[in-house]
Amino acid sequence: MSNQLSAMLRAWQEGKTDTEWVLGTVYRTEGSAYRKAGAMMLINGHGQQFGLLSGGCLEADIIRNARRAMITGKTVMLVYDGNDEDDLSFRLGVGCGGKVFIMLQPLDPANDLGLSDLCDALAVRQSGLYFQKIGDTRGYFKRTDHTGQRSAYVEDRIDGDWLVTPIVPEPHILIVGGGLDARPVVSIAHEMGWETTLVDPRPANARPEHFAKADAILRQIDATLADYVAQHRVDAAILMSHSIDIDAKALQILKSSQLRHVSMLGPRHRFADVLERADLAEPALPFPVASPAGIDIGGQLPESIALSMLSGIHAALYKHCAAPALAQAAE
């Protein structure tokens with residue numbers, strides 16, 4: 001199961017009336033830490049965990065303390081110090097060496113801390129801000145179109161400190177082309193908890209039996225594709241049909257979309273051919289195009305190229321710097 005927030009919340013919704021639940025949240029860190037402020041996990045009365053708050057070192061102790069939150073109905077506050085030889089995290093061999101502050105908030109039918117609202121928003125790919133009262137059993141979610149700051153922060157209010165966590169839906173990528181090399185793209189994206197839509201008008205491609213993990217398979221590359229991208233809030237696209245005509249048609253349709261990033265499989269001169277066929281100029285495109293696609297990791301096989309392309313999209317969407325690919329597999 002994915003550690004993405006949407007997957008965690010779906011598990012909670014499916015079993016929230018069957019047993020007790022606790023929401024665990026990192027609300028502060030000092031020094032190096034595997035997870036940062038705003039990281040969440042859910043623990044139920046069966047001892048199951050969904051998500052993580054460390055690299056796996058602290059989870060057993062967190063689950064043990066979650067039982068205390070379930071029994072008392074009160075928030076349990078935890079501190080793990082990787083630099084203190086007397087601290088549990090030091091004895092467990094936590095490698096980061098930093099200090100992690102965690103709160104465990106009990107959930108019940110009368111007070112789900114706004115998680116139902118948060119889950120509903122993510123289901124329709126709506127962003128927002130999640131507010132949690134530090135050391136208390138209060139929380140709520142507020143939908144917003146733009147969260148601005150991506151990192152969680154503490155808001156000082158009259159009634160105390162509140163953790164404010166920007167919530168952004170997991171990426172949704174459109175993959176144009178359903179050949180053999182698209183299979184690992186869909187599989188790896190699914191493993192990361194991303195949403196994928198595959199589009200290919202050719203009957204022999206994008207067969208459902210070969211893309212069981214794709215969230216949707218489309219057969220038309222026409223004006224309805226732009227509507228689909230807008231309605232489903234698609235973030236990025238990969239043009240990898242191995243057909244200049246298909247890639248050009250898709251690019252022509254997508255040029256008016258709100259995509260944040262496009263990747264183009266193949267060498268740079270192929271991108272020029274696609275632009276010419278689409279009667280487009282690169283400066284006129286409203287989104288950046290990575291051509292060749294991905295980050296140069298020296299890959300040649302489909303799985304390595306898929307990893308390269310998805311890494312490039314991840315870097316683009318999460319605003320991290322990464323070296324572009326210098327070479328790409330030939331057509």
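Predicted model: local features only at pLDDT ≥ 70, side-chain atom pairs only at ≥ 80, totals over all residues.

Student: Why is aspartate 235 called buried?

Tutor: Its relative accessible area is 11%, and buried means under 20%, so aspartate 235 counts as buried.

Student: What makes the contact between aspartate 235 and arginine 260 a salt bridge?

Tutor: The side chains meet at 3.6 Å, N to O, and the cut-off is a side-chain nitrogen of Lys or Arg within 4 Å of a carboxyl oxygen of Asp or Glu, so the pair qualifies as a salt bridge. Aspartate 235 lies in the loop between α6 and β13, while arginine 260 lies in the loop between α7 and β14, so the pair ties together parts that are 25 residues apart in sequence.

Student: Which residues are joined with these two into one network?

Tutor: Salt bridges that share partners connect Arg125, Glu195, Asp235 and Arg260. In total, the structure holds 13 salt bridges.

Student: What makes arginine 268 and glutamate 282 a salt bridge as well?

Tutor: Their closest N and O atoms are 2.7 Å apart, and the limit is 4 Å, so this pair meets the criterion. The pair links distant parts of the chain, with arginine 268 in helix α8 and glutamate 282 in the loop between α8 and β15, 14 residues apart. Arginine 268, at 39% relative accessible area, is partly exposed, and glutamate 282, at 32%, also counts as partly exposed.

Student: How do you know that aspartate 159 and arginine 138 tie together separate parts of the chain?

Tutor: Their side chains meet in a salt bridge at 3.3 Å, N to O. Aspartate 159 sits in the loop between β8 and β9, and arginine 138 in the loop between β6 and β7, so the pair ties together parts that are 21 residues apart in sequence.

Student: Why are β3 and β4 described as standing at the edges?

Tutor: Five strands form an open sheet in the order β3-β2-β1-β5-β4, with antiparallel pairing. β3 (49-50) and β4 (76-81) each have a single partner strand, so one side of each is left without a neighbour in the sheet.

Student: What makes β1 and β5 paired strands?

Tutor: Strand β1 (residues 21-30) and strand β5 (residues 99-107) run antiparallel and are joined by 9 bridges, and because pairing requires at least two bridges, they count as paired. One of the positions involved is arginine 28, whose bridge partner in β5 is phenylalanine 101.

Student: Where does helix α2 lie relative to these strands?

Tutor: Helix α2 (residues 59-72) lies across β1, β2, β3, β4 and β5, and runs at about 160 degrees to β4.

**The nonpolar cores**

Student: Which members of the largest nonpolar core touch the most other members?

Tutor: Of its 29 residues, these are Leu174, Val176, Ile221, Leu251, Leu259 and Leu285. The largest share of this core, 6 residues, comes from α7.

Student: What does leucine 259 touch, leaving out residues up to four places away in sequence?

Tutor: Its contacts are Val229, Val234, Asp235, Ala236, Ala237, Leu254 and Phe287. A second, separate core of 22 residues includes Ile238, Leu265, Ala293 and Ile305.

Note on methods
Residues numbered from 1 in each chain as written. Heavy atoms only, no water. Core = buried A, V, L, I, M, F, W, Y, C linked by side-chain atoms within 4.5 Å. Buried < 20%, exposed > 50% of the residue type's maximum accessible area, 1.4 Å probe, protein only. Helix = DSSP H or I, 4+ residues; strand = E, 2+ residues; numbered from the N terminus. Contact = heavy atoms within 4.5 Å. Axes fitted to C-alpha atoms, helices over the stretch in contact; angles between N-to-C directions.
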